[in-house]
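Dear colleague,

Here is the structure for you to look over. My notes on the chain interfaces follow below it.

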Amino acid sequence: MGFEPIKILYSLLSLFIIFNIGMLINGITRKIGARVGRRHGIRFYQPYIDLVKNYALRSNITHGIMFYLGPVFRLTGGIGVYLFVPAIYGSEYFGNFSFAGDLVLITYFIFFGTLGMALGAGEGGHPYSAIGISRGLAQVTAAEIPLVIAFLGAAIQYQSLSVTEMVALQQGGIQNWTLVTNPLLTAVALIAYLGTMMRSPFDIVLAPQEIPIGPPTEYHSTFLGVLQTNRAIFPMAKTVLFMNVFFGGATNWGVLILKVFLIYMWSVFVGVVFPRFRVDHSIRWFYKYALPLGLVALAATSLLIK
Amino acid sequence: MVNPIYLFVIALAAGFLLSLIDKAGRSAALTVFYAALAAMAGISAQAFIAILGGAESAMIFTAGFKPPFSINLQMGLEESFFTMIVNVLGLLSGIYLVKKLKTEKVYALVLYLMMIMGLNGLIMTRDLFNLFVFLEITSIATYSLIGIERNIRSLSAGFKYMIAGGLASMFFLIGTIYLYRFTGVLHLDSMAEALDLASGPAVVLAVFTLLISVLIELKPFPANGWALDVYEAADDGLVAVIASASSAAMLFVLYKITPLLNGTLLLAVAGIGLTTFVLSNLMGLMQHSPKRLLGYSSIGQIGLIMGVYALLVHSGAASEPMTLLLVAGGLFINHFIAKAGLFWLAGLVGKDSLEGWHVLRKKPVLVFMFGVFILALVGLPPFPGFFAKWQLVMVFSEKGLTLATVLVLLGSFLEAAYLFRWLGKVLKTEGEGEVKTSFAQGLPLTLSALALIGLGAGFSLWIPGGSGLKILYLPMLLAAALFLLDFLPAWVKNTLVILLMSLYAWQLLPGLEGYRFLFGIIFLAGGVLLLIPGYAFKGKRRGFYPFAVMMYAGLAALLISESTLQLFAAWEIMTLGSYFLIIRGKRSEPHALSYMLFSIGGAFVMLMGLGLLYGVNGQSLALTSLETLTQSAGVIFLLIMLGFLTKIASMGLHIWLPGAHGEAETDVSPMVSAILLKAGMFGLIVLMSAIRRPMIGNVDITYWMSWLGAITVFLGNLLAIYQEDAKRLLAYSSVGNLGYVLFGLSMMTHMGWLTSIAFALNHFLFKALLFLAIGGVVMRVKTKNMYEMGGLIKRMPVSFISVLIGIIALSGVPPLSGYAGKWLTFNILLEKGWYLQGLVLIIGGLIAFLYCFRLIYAVFLGQLKDNHRRVKEAPLPVLIPQIILMIAIMFFSAYPGLVLHPVGDFLLKYFPQGAISWQNNTALTAYGHWDGLAVLIITGVMFASVFALLLITNRKAQKVGQFNIVYAAERPSRPELTHVGYNFFAHYRKALGIFSRPFAVKFWDGVSEFAHSAADLFRKIYSGNGQTYLVHIILFVVVVYAFVTGG
Amino acid sequence: MTLITILGFILIVIGIWGMLSQSNIIKIIIGFSIVDTGIHLVMVSIGYLKDRTAPILDETVGKAEALARVVDPVPSALVLTAIVIGLAVTALMLAYAVKLHEMKGSLDIHDLKELKW
């Protein structure tokens, strides 16, 4: 594990692949949502069209330097999370930049984009931006509880913080996956996954955007393009991480795409079935249900390794 | 040596002549009066010096008979010392009273002389009946002097005093006559030989009766209502004599009759003394009248001195004269001078409320003296009371007198509470008015303040282990010099202090090793850095630099402390300096008080621990003796630890911090937050590196420390998100951050400590940065409420960048330095297996994001307010250290190994196992890996690429005005309407409910409320009715007798 | 314990009782005087030895036999001093009473409660 210049190219390729997966999944997801609501829905390649349109728009305004940098932070965060995750197990070139850090690095790097975006939107001076961010941050800290428990539990189980190591220990069939060896912990992880995906029932954060103003309206044209790019990459990056830690990882792109798609669908299905929580409810929910379940899972995990 | 009989001859002769001479004019009479007092002071001083130089004690026998047949006066070492201080005080108070004595009838002069002479007699006589006579002479003179005042308060107090005194005399006479009957002598020494207390209850009763009379004169609880009234009502010059000189003489009488007492009686004296000390200081809490407050304090202190003295005798410690001198003598002389000084000051100020004393502020010299007296009374260094209290705790612990130690410290704490409250009021209350001083009034004050300082220096030499205190001399001298240079402009003093501190650091740092070096960098290099913003202050900044130097002196001395005494003295000096820095803030008064009280409380608990250590470890003062501790290690650990925990504001002990750090001045906040808090951590490291497995029974203390650390992180951060005040938000964040430090240390592993140090270093960097940046903003916008700010990024871009870097480092988001701690935390969790605490800690850490965002958003983003459209960037001196700190953060982020690697190397000394291994810049543990530089570069490249992409596609972005937003079909035109800042995380409060309630504040409020209610309840016994006071005395006698006879 | 001693103590108790039960300052002072007298009686009675003569060395009592034949002179000397002092204190108390009456117009000790707590 070290750095070689050629890796940059492979990483870019890897990034490109995951970006397209993300775009397609986004389109499909919206189609599913529409169908559940008995609507016809968009074409599955609609996100590409939107993206091109947004990048091509000429009217641009900015509220200041931090406003300008907000999307930059956001996308850097999304790309970064992906690049610190080893995407394909055993591949020397699609291991990305995981040599720079381990699971902890990724866990905390998730906040890089969130924080930066929050700052950018903050400079816009729009009150709904502030409200949305305040809700978003509050909910993220609560949703991180099961996430931290899940990752900590995995680290305890594998006595390692290295994602590559975790995947290595899950090789050799489904019976070695964390899903099977430690189902309780995986359950916690799946709850955490719901919390981080910003889908219903935990999508109140996006609510200010739906009143037709708020960050995405303030952030229009190219800015919105950057944000959309991130919305393709960031959820996929997180999904790849979950796949690595709990679902055995992937040794080639095919397996990766399949697993990522299935895991992502979990949040989609839950999302279309359940209505959304208010933010104080969702915080409570995480403290009240996810936390105890997580503690039980942790206890079980520590027993498991003994 | 002059024959001491002249003390009486001069007084009597002058007394008789005064009425005659007065006919020639008052100035002639006054000349004789002062000449007599001066001569008496001179004679006794000369005797003291002579005897100290080896001369024989002088004996005076009446009519040429030898005792026991004659009345015998003695002038030995003790007598000469006591007469000297009494006479000097008499002279000074006489000078103080000159204006009054000019107008009073000549009898006042005579009576005053008689009073002083009577005190001399009380001290010198060895004959019991003669003692009575001198007692009465003194009393009658005092009663008359009180009665001369023509006001009803003074008269009624005097009358109550007479009734009580009469009763005391009755007991004295009965005791004397029966002792005479049982022993056949009145001469004290012969009586002590002849007395056999075992021969029957009647003998005990006789001694008891004598003793109780002396005790009543020493104003024990509850038989002391009359004394309080006298202290409150009588003239200040006179009260100074009564409170100091008369009490001194009576204490000496107690000393003289000690040979007559047995163990039970001594214990009774001890119990009465310490009870009085605790209760009268408790009641002092409720006092608003300065002189009555001083009365309570006096009564308490005298109780302390007699209680401590009795215990020293009872435990046999008094057989070592030096111990008696240092402990009882130290407490005594400390109170003697300080109390006289305070009563004199009370006369100068002449206000009936504590608040009214702010008039002192017009005269900095008087404030200085007031401070000296108060600090001496509280027992802080560098005054004699500090050393006496230290030695007291050591000796008591060695003798196993735990309860007494607790009582002494409890009483001292209560006293500190009201004295510091008073000091705070003097320093902070606003108002008009001035104090008029004259030379005659200034002289005694100046001399007594100087005497306290001089004696403090003396005690620091005499005390066992005192030679180690030399490390504090130079810095304290510098602080003293700065008091004298206070008239210079601030920038001159600032330059001077920066230069001297740099020089000192240059000298000191190379000699330090291991963690001491690291803390040296934080304390001293950090100190110099944080002095730079001082250039932004105009004018003289009076009283800032001496205390800043004191604080840094204490911190530096901590680093090189090798003995417990050095450590404790340095600790107190540091606390003292920081108190005066903190109280400089506009609204700091209550917060500085609570800081001081928690500090003193913590220090006292620590002192108990150090005393215990001294006791069980063969009276060793060396810090290394902690390592060889075989018994009571857990208890000692716990006690000392509690002291340090107060300083790092662990949950429950944290309530002082937000106010103290939040209300302080721009450059003080970072000093006390980024630097001073680390002192507590340093202490913990010293302690924990010595005692590795602190157990009480089967309980491992470190396990509970880890819980405390985790809860501190969680609640500290949670409370931070609710703050509207930017600086308080940062202050709460400090509480949380020190929780990490505690947690890491409690792991007791290599990596745990490394984590702790990483957090500490990081906290130093970002908290200094944030406090400076926010302080700069506050200086400009004149408010600390975040919802009143907004949009300041456009006006103060550098401060914005500081805060941005600061919060990223704080939150632990890669790529900046805060991540080091987070990464290590996961590693130590896996290593140690304390997952639950770890989880609380990590969740708490996540909550930090909320306040980080709120801080930067509500201040710098959102809508710029109309009244801030013209604010300027923070002053350059405030920005410079910020830039340096940002560079440091960047450096630490890129090359964490350069710091953590050597730190890890010296930690090997304590924990050889479980170190991190380093491959170039990559840190490797058994569990994970991290390359700070790589993360920084990758993030940087990604950021730059995306930014470039955006710039290319979005090059014609058009800047729009502030109100170019639309919501709910409104176009806002007022920033106030659109800046969402107030109660930003309301939903979080709603969701977490119970955790957000300020339990600790309520708890401590309750404690304070309880103490005040109890005080109010107790003091109601002093109904003001003379007959009630009489009943108190009689009840007191009965109860004590019941105790003494065990029935 | 002789009768006089007992009498002395009874006087002391009466005096204290008076000081406690009477609110008039003058009466309190009188109570104090009674206490004083009681003490003096006690003191004298301690020195008194039955069937002995006054401690004066003259023809009737020689130096050699003095120790066996005279009463103890010291308590008597003490009592003299004590009486003088008692007198002074009593006088001072009365002076106080006069002044208090001048200023306050009352001699009731319950009225002297300006200072309390």
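Two residues count as in contact if their C-beta atoms, placed from the backbone, lie within 7 Å. The model is predicted, with local features needing pLDDT of at least 70 and side-chain atom pairs counting only at pLDDT 80 or more, while totals for chains, interfaces and linings use all residues. Residues are numbered from 1 along each chain as its sequence is written, and chains are lettered from A and ligands numbered from 1 in the order in which they are written.

Chains B and C: 36 residues of chain B are in contact with 32 residues of chain C. On the chain B side, two or more residues each come from α6 (128–148), α7 (152–183), α10 (225–233) and α40 (1026–1045). Helices (H or I, at least four residues) and strands (E, at least two) are DSSP runs, numbered from the N terminus. The most is given by α7(B), with 16 residues. This side of chain B has 19 nonpolar, ten polar and seven charged residues. Here Ala, Val, Leu, Ile, Met, Phe, Trp, Tyr, Cys and Pro are nonpolar, Asp, Glu, Lys and Arg charged, and the others, Gly among them, polar.

Chains A and B: 67 residues of chain A are in contact with 62 residues of chain B. In chain A, α5(A) supplies the largest share of the side that touches chain B, 17 residues. That side divides into 42 nonpolar, 18 polar and seven charged residues.

A:Thr62 stands opposite B:Lys959 in β8(B).

Regards

Definitions and conventions:
Pairing = 2+ DSSP bridges.
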